[in-house]
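Here is a short note for someone opening this entry for the first time. The points below can be read beside the sequence and the model.

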Amino acid sequence: MRPITVLRSRGMPIGGLSRLTGVNIETIRYYEKIKMLPAPVRTEGGHRVYGPKEARILFFIRRCRELGFTLDQIRALLDLGGPGNASCADVRDIAKHHLRDIRSKINDLAKLERLLSKTVAKCSGKKVPDCPVLDILDIQHG
């Protein structure tokens with residue numbers, strides 16, 4: 001069996017690309033469908049064949065997703081020319097927007113942590129009709 005990191009001259013099938021990049025086959029098909037990944041060359045039998053370009057794009061998308069970038073943000077980065085071609089200023093603008101989103105989420109999570117911490121401290125753990133933890137989760141009490 002050949003190592004999956006070595007691309008044959010005619011490319012690799014979708015399963016090989018999936019194993020190489022760690023991206024699920026259905027996700028690869030989805031990225032093709034939404035045009036984040038270019039449509040691959042197909043064999044005479046209709047099988048998808050991928051090369052190093054598609055692998056690099058998938059690695060890039062996967063890493064962006066791990067860092068919390070949205071699909072729209074990733075698409076914008078890819079539209080700038082992808083890794084190695086994009087203008088640093090344009091990439092910085094997208095990253096600054098993402099950083100604002102992350103800071104906002106961190107702020108929201110800190111507020112949530114304080115609220116839950118106070119609420120859990122009030123909870124006796126006994127069977128009572130009123131539970132402070134359930135009260136803060138109940139929409140009618142919010």
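Is Cys 88 buried or exposed? Cys 88 is exposed, at a relative accessible area of 64%; exposed stands for over 50%, buried for under 20%, and partly exposed for what lies in between, with a 1.4 Å probe and protein chains only.

1. Basis of the note. This is a predicted model, in which local features need pLDDT of at least 70 and side-chain atom pairs count only at pLDDT 80 or more, while totals for chains, interfaces and linings use all residues. Residues are numbered from 1 along each chain as its sequence is written, and side-chain values use heavy atoms, with hydrogens and water left out.

2. Cysteines. In contrast to Cys 88, which is exposed, Cys 64 is buried, with a relative accessible area of 7%. A disulfide is a covalent bond between the sulfur atoms of two cysteines. Taking a disulfide as a pair of cysteine sulfur atoms within 2.5 Å, the count is 0 disulfides.

3. Overall layout. The chain has 6 helices and 2 strands, in the order α-α-β-β-α-α-α-α along the sequence. Helices (H or I, at least four residues) and strands (E, at least two) are DSSP runs, numbered from the N terminus. Of the 142 residues in the chain, 24% are buried.

4. Surface and contacts. Among contacts in the chain with a separation of 6 or more, 42% join residues 24 or more positions apart. Contact means heavy atoms within 4.5 Å.

5. Helix α1. In α1, 7 of 8 residues are buried, among them Ile 14, Leu 17 and Leu 20. The buried residues of α1 pack against α2, β2 (48–49) and α3. Gly 22 follows α1 and has a positive phi, near 75 degrees.

6. The α1 and α2 pair. The axes of α1 (residues 14–21) and α2 (residues 25–33) come within 9 Å and cross at roughly 105 degrees. Axes are lines fitted to C-alpha atoms, for helices over the stretch in contact, and angles run from 0 to 180 degrees between N-to-C directions. The two helices are therefore roughly perpendicular; that label covers 65 to 115 degrees, with under 35 roughly parallel, over 145 roughly antiparallel and the rest oblique. Ile 14, Gly 15, Leu 17 and Ser 18 of α1 meet Ile 25, Ile 28 and Arg 29 of α2.

7. The α3 and α4 pair. Helix α3 (residues 52–66) and helix α4 (residues 71–79) have axes that come within 10 Å and cross at roughly 140 degrees, which makes α3 oblique to α4. On the α3 side the contact includes Phe 60 and Cys 64, and on the α4 side it includes Ile 74 and Leu 78.

8. Gln 73. This residue lies in α4 and is buried, at 7% relative accessibility. Leaving out residues up to four places away in sequence, Gln 73 touches Gly 68, Ile 94, His 97, His 98 and Asp 101.

9. Ile 136. Ile 136 is in helix α6 (residues 132–137) and is partly exposed, with a relative accessible area of 32%. Beyond its neighbours within four places in sequence, Ile 136 is in contact with Leu 115, Leu 116 and Thr 119. Leu 116 is 20 residues from Ile 136 in sequence, and their C-alpha atoms are 8.6 Å apart.
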